[in-house]
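Dear colleague,

Please find below the structure that I am handing over to you. My notes on it follow directly after.

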Amino acid sequence: MGKALGERISEMLQKRGIQQKELAERIGITEAAMSRYIAGTREPKPDVIANMATALHTTSDYLLGIENDVFNYHQVRRVIARNASSMTEQEKKALIDALFGED
């Protein structure tokens, strides 16, 4: 079995440079609830998972372990379209670098 939901959330928090508390605030849940989701002692509802995915610039499927963090073209377009208005200039530049830059 792959990584648990909590591990994937933690990984994405680290990758995005976001604190657990900040993510909780962004999606309108308590920090305590977020801690439980990450620890795996509580299962978030689908709408909470969707909100987390949007805030973390990934997909619900990735957080749930249904897909890898490697997106195909159509998935990339959907993620960008869904998140572009809430992305900072720095995040947009990082996305462009990730898509077109050198490793």
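Helices here are DSSP runs of H or I with at least four residues, strands are runs of E with at least two, and both are numbered from the N terminus. Axes are lines fitted to C-alpha atoms, for helices over the stretch in contact, and angles run from 0 to 180 degrees between N-to-C directions.

The model is predicted: local features need pLDDT of at least 70, side-chain atom pairs count only at pLDDT 80 or more, and totals for chains, interfaces and linings use all residues. Residues are numbered from 1 along each chain as its sequence is written, and side-chain values use heavy atoms, without hydrogens and water.

The chain holds 7 helices and 0 strands. Among contacts (heavy atoms within 4.5 Å) with a separation of 6 or more, 46% join residues 24 or more positions apart.

Helix α1 (residues 5–16) packs against helix α3 (residues 31–39) at an angle of about 115 degrees, and their axes lie 6 Å apart. On the α1 side, Gly6, Ile9, Ser10 and Leu13 take part, meeting Met34, Tyr37 and Ile38 of α3. By class, this contact has 5 nonpolar residues (Ala, Val, Leu, Ile, Met, Phe, Trp, Tyr, Cys and Pro), no charged ones (Asp, Glu, Lys and Arg) and 2 polar ones (the others, Gly among them).

His57 lies in the loop between α4 (46–55) and α5 (60–63). Its phi is near 55 degrees, a positive value in a residue other than glycine. Most residues other than glycine have a negative phi. His57 counts as buried because its relative accessibility is 11%.

With kind regards

Terms used. Buried means under 20% relative accessible area, exposed over 50%, partly exposed in between (1.4 Å probe, protein chains only).
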